[in-house]
Amino acid sequence: MRGNLFIISGPSGAGKGTLVVRILKELNNVWLSVSATTRDPRPDEVDGIHYFFVSDQRFDQLIEQNGLLEWASVHGCRYGTLRDEVIRRLESGIDVILEIDPQGAFQVKEKLSDAILIFVMPPSMAELERRLRIRGTESCEQIAARLRAAKVEIFTKERYNSVVINDDLEKATNDLVEIIMTARQAAIEQETDRV
Ligand code: ADP
Ligand code: 5GP
């Protein structure tokens with residue numbers, strides 16, 4: 001049976017990365033896709049673990065070679081999902097998580113219609129701003145741009161299969177795990193019906 005594809009989006013600072021680390025500890029048979037990006041690494045980020053940090057030229061090459069399942073410009077840099085890595089896992093029955101923006105999420109949904117889209121919401125815009133400031137990985141201007149982008153991204157949440165509000169971290173983690181377990185069970189039942 002093919003693996004399930006889960007796409008997690010949400011405004012920068014909503015807590016996607018934090019939640020994904022937690023759910024990966026709770027679930028087996030799941031792999032988090034590592035995207036390519038033209039953005040500079042943050043001090044704690046490792047090439048090949050958090051992202052593949054590539055030049056503009058290399059990113060152009062990946063597009064030309066059809067190496068990306070989707071890509072988008074987000075906050076002034078380009079980000080893309082490495083196609084073969086994802087398809088290979090899905091075909092060998094491993095569930096895959098993509099943590100990507102809404103533009104990318106809808107591109108993937110067009111190509112792989114079974115993808116399950118999950119949107120992570122902050123409890124409020126004030127809390128989103130507080131989290132971005134506490135994280136301290138962007139300048140004041142970059143934080144302002146991410147908050148403006150958040151308002152646009154939040155409009156797309158109606159097109160997602162589920163919305164998780166990340167207020168209490170423990171509860172949001174459990175909600176995400178439950179969504180994934182329910183989708184897995186539904187896929188198994190669908191497969192059983194088909195046989
Ligand atoms: P994203 O990946 O969506 O950009 P992060 O996972 O980096 O967001 O989280 C942004 C900041 O908010 C981090 O400092 C993280 O520790 C903090 N954070 C995440 N979830 C919560 C939560 N439920 N309550 C309080 N702080 C949180
Ligand atoms: P950050 O710079 O904070 O790591 O990520 C910024 C935004 O880019 C987030 O919304 C994140 O989900 C998105 N992103 C990360 N990787 C990809 C990707 O491969 N494709 C797309 N479309 N967006 C991505």
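1. About 420 Å³ of space lies in the second largest pocket. The model is a predicted one, in which local features need pLDDT of at least 70, side-chain atom pairs count only at pLDDT 80 or more, and totals for chains, interfaces and linings use all residues. Residues are numbered from 1 along each chain as its sequence is written, chains are lettered from A and ligands numbered from 1 in the order in which they are written, and side-chain values use heavy atoms, with hydrogens and water left out.

2. A pocket is found on a 1 Å grid over the protein atoms alone, as an open set of points where a 1.4 Å probe fits, with protein on both sides within 12 Å along at least five of seven lines; lining residues have an atom within 4 Å of a point. Grid points are joined across faces, edges and corners, and a volume is the space filled by probe spheres set on the points.

3. The second largest pocket is lined by 17 residues, and those nearest its centre are Gly3, Asn4, Asp114, Ala187 and Gln190. Helix H7 (residues 169-194) contributes the largest share of this lining, six residues. Helices (H or I, at least four residues) and strands (E, at least two) are DSSP runs, numbered from the N terminus.

4. The largest pocket has a volume of about 1100 Å³. Its lining has 41 residues, with Gly17, Arg42, Tyr51, Glu99 and Arg135 nearest the centre. Helix H1 gives the most to this lining, with five residues. The lining divides into 16 nonpolar, 13 polar and 12 charged residues. Here Ala, Val, Leu, Ile, Met, Phe, Trp, Tyr, Cys and Pro count as nonpolar, Asp, Glu, Lys and Arg as charged, and the others, Gly among them, as polar.

5. Five strands form an open, parallel sheet in the order S2-S7-S1-S8-S9. S2 and strand S9 (162-165) stand at the edges with a single partner strand each, so one side of each is left without a neighbour in the sheet. From one strand to the next, the twist averages 25°. Two strands pair if DSSP finds at least two bridges between them. Strand S1 (residues 5-9) and strand S8 (residues 116-121) pair in the parallel sense over four bridges, and phenylalanine 6 has isoleucine 116 as its bridge partner in S8. H7 packs on this sheet, touching S1, S2, S7, S8 and S9, and its direction makes about 160° with that of S9. Contact means heavy atoms within 4.5 Å; axes are lines fitted to C-alpha atoms, for helices over the stretch in contact, and angles run from 0 to 180 degrees between N-to-C directions.

6. Four strands form an open sheet with mixed pairing, in the order S4-S3-S6-S5. Strand S4 (52-53) and S5 are the edge strands, each with a single partner, so one side of each is left without a neighbour in the sheet. Strand S3 (residues 36-37) and S4 run parallel and are joined by two bridges. Helix H3 (residues 83-91) lies across S5 and S6, at about 30° to S6.
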